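Morning, everyone. Please look at the model while I talk.

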Amino acid sequence: MQFTSHMDQALTEAKRAAARGEVPVGAVLVSPEGEVLAADGNRTRELCDPTAHAEVLVIRQACAKLGNERLTGCSLYVTLEPCPMCASLISQARVARLYFGAADPKSGGIGQGPRLFSHPQSHHVPEVYDGLAGAEAEALLKEFFAERRG
């Protein structure tokens, strides 16, 4: 099977999140067959829900669509390194592959901070591919925060 990146769609979702006043993070969850099961961006402010990260939203949507709490064989594309909460959920949902764009030195949970997938209590560790469209994802985040601070 040929690799097809869905990071462009995740970046589109991140831009939509920014337009809503949310931190611009987007995610896309794809079935083993390549079908997009869910795509969304952060909605923490809109939903008044601190768990409404893009990753959480797409995992919930995909599980509901498939009627299963496990996303075996699925791939998740996200524009920013998942935080510890999202990394744990990715493990619990048994996502097979994680592709992310920008590293998150402040709040990341995979290559930074707690490095959740390296922890012995992490029951499932997905394949992780970082830096996919990382420069574009990082620029989107920097622009978003510069506008708010400026």
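Alanine 133 sits in the loop between β5 and α5. Keep in mind that this is a predicted model. The phi of alanine 133 is near 55 degrees, a positive value in a residue other than glycine. Why mention that? Most residues other than glycine have a negative phi.

Find it in the loop between α2, residues 44-47, and α3. Cysteine 48 counts as exposed, because its relative accessibility is 70%.

α5 packs with α1. How do we describe a pair like that? Two packed helices are described by the angle between their axes and the distance between the axes. The axes of α1 and α5 cross at roughly 5 degrees and come within 11 Å. So α1 and α5 are roughly parallel to each other. Which residues meet? From α1, we have Leu11, Ala14, Lys15 and Ala18. From α5, we have Glu136, Ala137, Leu140, Phe144 and Arg148. By class, that contact of α1 with α5 has 6 nonpolar residues, 3 charged and no polar.

The crossing of α3 past α4 is left-handed. On the α3 side, the contact is made by Glu55, Val56 and Ile59. On the α4 side, it is Met85, Cys86, Leu89 and Ile90. Here the classes are 6 nonpolar, 1 charged and no polar.

Now the inside. How many residues are in the largest nonpolar core? There are 33. Seven names to write down, the ones that touch the most other members: Leu29, Ile59, Leu71, Leu76, Ile90, Val95 and Leu98. Helices α1, α3, α4 and α5 each supply at least two residues, and so do strands β1, β2, β3 and β4. The largest share, 5 residues, comes from α3.

Take valine 95 from that list. What does it touch, beyond its neighbours within four places in sequence? Its contacts are Ile59, Leu71, Cys74, Ser75, Leu76, Ile90, His124 and Pro126.

Histidine 6 lies in the segment before α1. Its relative accessibility is 14%, so histidine 6 counts as buried. Leaving out neighbours within four places, histidine 6 is in contact with Val28, Val30, Gly34, Val36 and Tyr77. Leucine 132 is 126 residues from histidine 6 along the chain, yet their C-alpha atoms are separated by 9.9 Å.

Last stop, serine 107. Look in the loop between β4 and β5. Serine 107 counts as partly exposed, because its relative accessibility is 33%. Not counting residues up to four places away, serine 107 touches Cys83 and Pro84. From serine 107 to aspartate 49 is 58 residues in sequence, and 18 Å in space, C-alpha to C-alpha.

That's my tour. Over to you.

Key:
Residues numbered from 1 in each chain as written. Predicted model: local features only at pLDDT ≥ 70, side-chain atom pairs only at ≥ 80, totals over all residues. Heavy atoms only, no water. Core = buried A, V, L, I, M, F, W, Y, C linked by side-chain atoms within 4.5 Å. Buried < 20%, exposed > 50% of the residue type's maximum accessible area, 1.4 Å probe, protein only. Helix = DSSP H or I, 4+ residues; strand = E, 2+ residues; numbered from the N terminus. Contact = heavy atoms within 4.5 Å. Left-handed = near helix turned anticlockwise from the far one by under 90°. Nonpolar A, V, L, I, M, F, W, Y, C, P; charged D, E, K, R; others polar. Axes fitted to C-alpha atoms, helices over the stretch in contact; angles between N-to-C directions. Parallel < 35°, antiparallel > 145°, perpendicular 65-115°, else oblique.
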